[in-house]
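Please look through this structure before reading my comments. Keep the sequence open beside it as you go.

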Amino acid sequence: MIISTSIILFYVVSILVIGGGLGVVLARNIVYSAFSLLVAMIGTAGVFLFGFSEFLALVQLLIYGGAVVIVIVFALMLTKIEDFRNLNDNDQWPLAVMISVALLAVLLIALFGSPIESTLGSGVGLRHLGKTLFTDWAIPFEIASFVLLVALIGTIILVREDEEENP
Amino acid sequence: MQLSTDITTFIWLIPLCCFVAFGLSIVGRYFTEKIHFICVVAVFSACFLSFLVLYQFILSDMSVVTISIDWIAIGSFTITWGILVDSLSVIMIGFVTFVSLLVQIYSLGYMLNDPRISWFFSVISLFTAAMLVLVLSDNLIFMYFAWEVVGLGSYLLIGFYYDSEAASRAAKKAFITTRIGDVGLLIGIMLIFKSTGTFNISSIIDLAQNGAVSESIMTCSSLLIFFGAMGKSAQFPLHVWLPDAMEGPTPASALIHAATMVAAGVYLVARMHPFFDLAPLALPVVFAVGLTTFLVGGSIALVMTDIKRALAYSTMSHLGLMMLSLGAGPWVVAILHLVVHGLSKSLLFLCAGNVMHSTGNRTDCWSLGGLRKNMKITASAFTIGALSLAGIIPLAGFFTKEEILISLTEIQGLWPIILMIVLAGVFVSALYITRLTLITFYGEPRSDNAARSQESPWIMTIPLIILSALIVIFGLILIPLPFVDGYRGLGHFIDPKYKVHFVPWLSFISILVAFLGLLLGWLFYGNNALSHTKMVGRVAPLYDLIIRKYKIDELYQWVIDHAILAFGRLIALFDRVILNDALVNGSGKSVVLSSLRMKWLQTGRFYNYGMAMVIGVVLSAAVWWLA
Amino acid sequence: MIDLVHFQILSISLFCIGVYGFMARKSAIMVLLSIELMLNAVNINLIGFAAFSDFAESTRALGQVLVIFVITIAAGELALAIAIILRLYRNTKSINIDELDSLKG
C-alpha cells in the first residue's frame with residue numbers, strides 16, 4: 001500500500017470520527033458526550049469530503065453540528081442535567097461489550113467474505129445529485145418534507161404545557 | 001310318510017319361534033299377564049318341528065344339509081349365517097327343545113304365584129332360541145354370538161331373584177367366570193380365522209385335514225377353544241360358578257345347568273373334534289381337565305348337604321366325564337352321555353324343585369327325609385334318575401357309561417390305571433347319588449316341613465313321569481336293535497364311523513362297582529349300619545378340605561384381591577398421578593410456571609429491550625451472512 | 001489509495017460503537033446520541049458506495065440522495081425523541097432509564 005497524503009489524512013479524520021464516537025459512549029459527563037458527538041460529526045464531514053461529496057459535507061456540518069447538537073444541548077439544559085451528573089453506564093454494559101464485539105466480528109467477516117469490486121473513486125456532481133433528487137426521487141423527497149412537518153407538529157404538541165389541556 | 005316339503009324351508013323356524021316368543025312376551029307382559037303361554041306354545045312348536053326334522057332326516061337317508069345367507073360383506077370377506085344340519089345337530093335340537101318344553105310345562109306350575117313369571121318365560125325362550133342357534137350354526141362366529149346370548153340368558157336366570165344379594169352375586173360370578181372362558185374362545189376363533197381365512201366349521205376341518213394349518217396354531221387354537229368350553233361347561237378350575245348358580249329358580253337350573261347350557265361346551269368340542277384330533281396336545285389336555293373335574297366334582301358332591309348344590313357338583317362331575325371321553329376317543333359317546341345325563345339330571349332337578357315347592361323352599365337334605373311317604377311320584381322319579389346316573393342296568397345311564405369305559409380301554413398305554421381311576425369315580429358317583437336319595441326321600445321325616453309335605457300338582461309331576469319313562473326306555477335306543485332294519489344304535493346314527501361295542505368283562509366290573517357304591521350308600525345312610533359321622537371323623541382334615549370345595553373360591557378371591565385389585569390400584573395410581581396430576585394439571589401448572597419465569601424478561605427497562613433487539617440482529621446477520 | 005474497504009471498515013466500527021452506546025448507557029439522551037452515531041455510520045457507508053462503485057454517475061447519485069434523506073429523517077426523529085424525553089422528565093423528574101420501568105411485567 002502506498003503511503004500517500006490522502007491515506008494519512010484519511011486516518012486522521014477517521015481517528016476523529018472514532019475518537020468522537022468513543023467519547024460519546026464512554027464519557028462520564030453527559031455534556032462531554034454531546035460535544036464528542038460534535039467532534040464525530042465534524043469528522044464525518046471530513047469523511048464525506050474524502051468521498052467526493054462536498055455538498056453533503058456541508059449539509060452534515062450545518063445540520064448536525066449546527067442544529068442537532070444545539071438541540072441536544074438545549075435538551076440537557078431543560079432537564080437540569082446538573083442534577084444528574086453521575087449517570088454513567090448501566091448494569092448490562094459487560095454484556096453490551098460482548099454483543100457489540102460480536103456484531104463487529106459478524107460484520108467484518110461478512111465484509112471480507114464478499115468480494116466487492118471497487119473502482120477509482122469519483123464524485124457525483126451536484127447537478128446529478130439535484131437531478132436525481134427531484135426527478136427519480138421526487139416523491140420520497142416530498143414525503144421527507146412531510147415527515148419533517150409531522151415531526152415539527154408532533155414536537156410542539158408533545159412539549160406543550162399541561163395547563164392548556166386542562167380547562 | 002314322506003313329507004313334501006324340504007327340511008331346509010323350515011329349519012330356521014325352530015329357533016325363530018322361540019325368539020319371536022321372547023320378543024312377544026317382553027312386550028306383551030305390559031298388556032296381559034298370561035302372555036307366558038305363548039312361550040310354551042312356541043317351544044312346543046319348536047319341539048314338534050325338531051322331531052319332524054329328525055324324521056325327515058332319517059327318511060332322506062341322513063344327508064348333510066347346509067344353507068347359508070350372506071350377512072355382512074366387508075371387502076372380500078363375508079360373514080355368513082348358516083345352518084348345518086347333520087346327525088349331531090338334529091339330535092341336539094331334538095334334545096334341547098324337548099327338555100325345554102318339559103321344563104316350561106313344569107314352570108307353569110312351579111312359578112305360578114310369582115309376579116314376574118312372564119319375564120322368566122321370556123328369558124327361557126330367549127335362552128332356548130340362542131341354544132338352538134348355537135347347535136345349528138355352521139360357522140364359529142355365529143356360534144360365538146349364540147354362545148354369548150346363552151351366557152346372557154344364564155345370567156338373567158341366575159339373577160332372577162334380584163333382590164337377593166346372594167343371587168346377584170352368583171349371577172355376576174357366573175357371567176364373569178364364563179366370560180373369562182369366552183375370551184379364550186374368541187382368541188381361538190380369531191387364530192383359526194387368521195390361518196384358514198374362514199369361520200365355517202366344515203371348511204376349517206377340511207383345511208386342517210389337508211394340512212393347511214400349522215400344528216402350533218392348531219394346538220394353540222384348540223386349547224383356547226377348549227378354554228371357552230371349560231368356562232361354559234364348568235370344568236375345573238372354571239367351575240366355581242356352577243354351585244352358586246343354584247340361587248336361580250329350580251326349573252332354570254334344570255334346563256340350563258343340567259341339560260343345555262353346560263352342554264354347549266361339550267357340543268363345541270365334539271363339533272371341533274376332527275380339528276382337535278389333528279393337534280397333538282389338545283385332546284390329552286381335554287382328557288386331563290375332564291378327569292380332574294370328574295374326580296373333584298364327585299368328591300365335593302359326596303359331602304354336600306344342600307340338594308341343589310349336590311346336584312350341581314354332580315353335574316360338574318359328569319361334565320368332566322363327558323370331557324374325558326371326548327379326550328379319550330370317539331366323540332359320539334360323549335354326546336350320548338350328554339343326552340342321557342341331560343335327561344336324568346333335569347329329572348333330578350325337577351324333583352328337587354318339587355321338594356322345595358312342598359316343603360317351603362328347603363334344600364338342606366338333613367332337614368328332610370321320609371318324603372317317600374307323601375310324595376310318591378317325586379320319590380320314584382328321583383330314584384329312577386339317581387339309578388340312571390349311577391349306571392345301573394337297564395337304565396339309559398348304564399349304556400352310556402359302558403360306552404365311555406369301553407372307549408377308555410382303547411387308549412394306548414396307561415389304560416388300566418386310567419380305567420381304575422375312572423371306576424373309582426364311578427363308585428363315588430354311585431355313592432353320592434345314593435346318599436342323596438336315601439337322606440332326602442327315605443327314612444323318617446326329620447322336620448315338620450318334611451312331615452307335612454305333599455305331592456305337587458299334576459302339571460309339575462307329568463314332566464317327571466315323562467322323563468322317567470324316557471330314561472327307562474332310552475337305553476333301548478342306544479343299542480342296536482335286532483328288529484329294526486339297518487339300525488345299529490344311536491351312536492351309529494350320529495356318527496357312521498362308530499360301532500357299538502360290548503365288552504362283557506368291563507360291563508361286569510362296572511355293574512359291580514356301581515352296586516358297591518349303592519351298597520355302601522345304603523349301609524351308611526339307609527341302614528345306618530355304618531356310621532357316617534365316625535367315618536367323617538376319621539378323615540377329618542380331608543373332609544374339611546373337600547367341604548370347603550378345595551378352597552378354590554378362597555384362592556380366586558385371594559388372586560382377585562392381590563393380583564387383580566392390586567393391578568387395578570396400580571392403574572388408578574397411574575391415572576391419578578400421571579394422567580391427572582402430571583399431564584392435565586401439570587400442563588396448566590407448567591404454563592403458569594413458565595410464564596412466571598418469563599416474566600423476568602419484561603423488565604420494563606428500555607435498554608434491556610434494546611439489547612434484545614441487537615442480539616436478534618446479530619444472530620440474524622450471523623445466520624444470514626455466515627451460514 | 002483510499003478504497004471502498006476503508007469506508008466500510010470505518011462505517012462498521014462506528015456502527016458498533018453506536019450499538020454499544022445504545023445498550024450500555026444509562027441516560028436517555030446518551031442513548032439518543034448513540035443512535036445519531038449509528039445513523040452517521042450508515043451515511044459514511046452510503047457515501048462510500050456512491051463514490052467507489054462502478055455505475056454511471058446518475059446511478060451513483062442514489063447514495064448521496066439517500067444520505068440526504070437519512071440526515072433529514074434523523075433530524076426529525078431527534079426532535080421528537082427530545083420532546084418525549086422532556087415529557088418524561090416532566091412526569092418523573094428523572095432521565096435515568098432505570099426508573100422508567102412502569103411497563104415491568
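1. Start with confidence. This is a predicted model. Chain A has a mean pLDDT of 86, and 90% of its residues reach 70 or more. Among the elements of chain A, helix α6 (residues 138–158) has the highest mean pLDDT, 93. Helix α5 (residues 126–136) has the lowest, 88.

2. Now find helix α3 of chain A, residues 54–78. It has 25 residues. From first C-alpha to last, α3(A) reaches 35 Å, close to the 36 Å expected at 1.5 Å a residue. Even so, α3(A) bends by about 25 degrees at A:Tyr64. After the helix comes A:Lys80, with a positive phi near 50 degrees.

3. Which residues of α3(A) are buried? They are A:Leu56, A:Ala57, A:Gln60, A:Tyr64, A:Val68, A:Val69, A:Ile72, A:Ala75 and A:Leu76. Note that A:Tyr64, where the helix bends, is in this list. The buried residues pack against α2 (30–50) of chain A. They also pack against two helices of chain C, α2 (28–52) and α3 (57–92).

4. A:Met41 lies in helix α2 of chain A. Why does A:Met41 count as buried? It does so because 24 other C-beta atoms lie within 10 Å, and the cut-off is 20 or more. Leaving aside neighbours within four places in sequence, A:Met41 is in contact with A:Gln60, A:Tyr64, A:Gly65 and C:Asn40. A:Gln60 and A:Tyr64 are among the buried residues of α3(A). A:Ile63 is 22 residues away from A:Met41 along the chain, yet their C-alpha atoms are separated by 9.7 Å.

5. Next, the contact between chains A and C. How many residues does each chain give? Chain A gives 75 residues and chain C gives 66. On the side of chain A, α1 (5–26), α2, α3, α4 (93–113), α5 and α6 each supply at least two residues. The largest share, 11 residues, comes from α3(A). By type, this side of chain A divides into 49 nonpolar, 23 polar and three charged residues.

6. Compare the contact between chains B and C. Here 10 residues of chain B are in contact with 11 residues of chain C. The chain B side divides into four nonpolar, four polar and two charged residues.

7. The chain holds 27 helices and two strands. Take the contacts in chain B with a separation of 6 or more: 78% of them join residues 24 or more positions apart.

8. Finish with the nonpolar cores. In soluble globular proteins, nonpolar side chains tend to be buried together. The largest core in this model has 194 residues. Those with the most contacts inside it are B:Cys18, B:Leu132, B:Leu134, B:Val266, B:Val269, B:Val286 and B:Ile335. Helix α16 (residues 331–358) of chain B gives the largest share of this core, 17 residues. Not counting residues up to four places away in sequence, B:Ile335 touches B:Leu88, B:Ala270 and B:Ile494. A second, separate core has 77 residues, including A:Val25, C:Cys16, C:Leu62 and C:Ala81.

Technical notes. Residues numbered from 1 in each chain as written. Chains lettered and ligands numbered in written order. Predicted model: local features only at pLDDT ≥ 70, side-chain atom pairs only at ≥ 80, totals over all residues. Helix = DSSP H or I, 4+ residues; strand = E, 2+ residues; numbered from the N terminus. Expected span 1.5 Å × (residues − 1). Bend = angle between axes of the 7 residues up to and from the residue. Buried ≥ 20, exposed ≤ 12 C-beta atoms within 10 Å, placed from the backbone. Contact = placed C-beta atoms within 7 Å. Nonpolar A, V, L, I, M, F, W, Y, C, P; charged D, E, K, R; others polar. pLDDT = per-residue confidence, 0-100. Core = buried A, V, L, I, M, F, W, Y, C linked by C-beta atoms within 7 Å.
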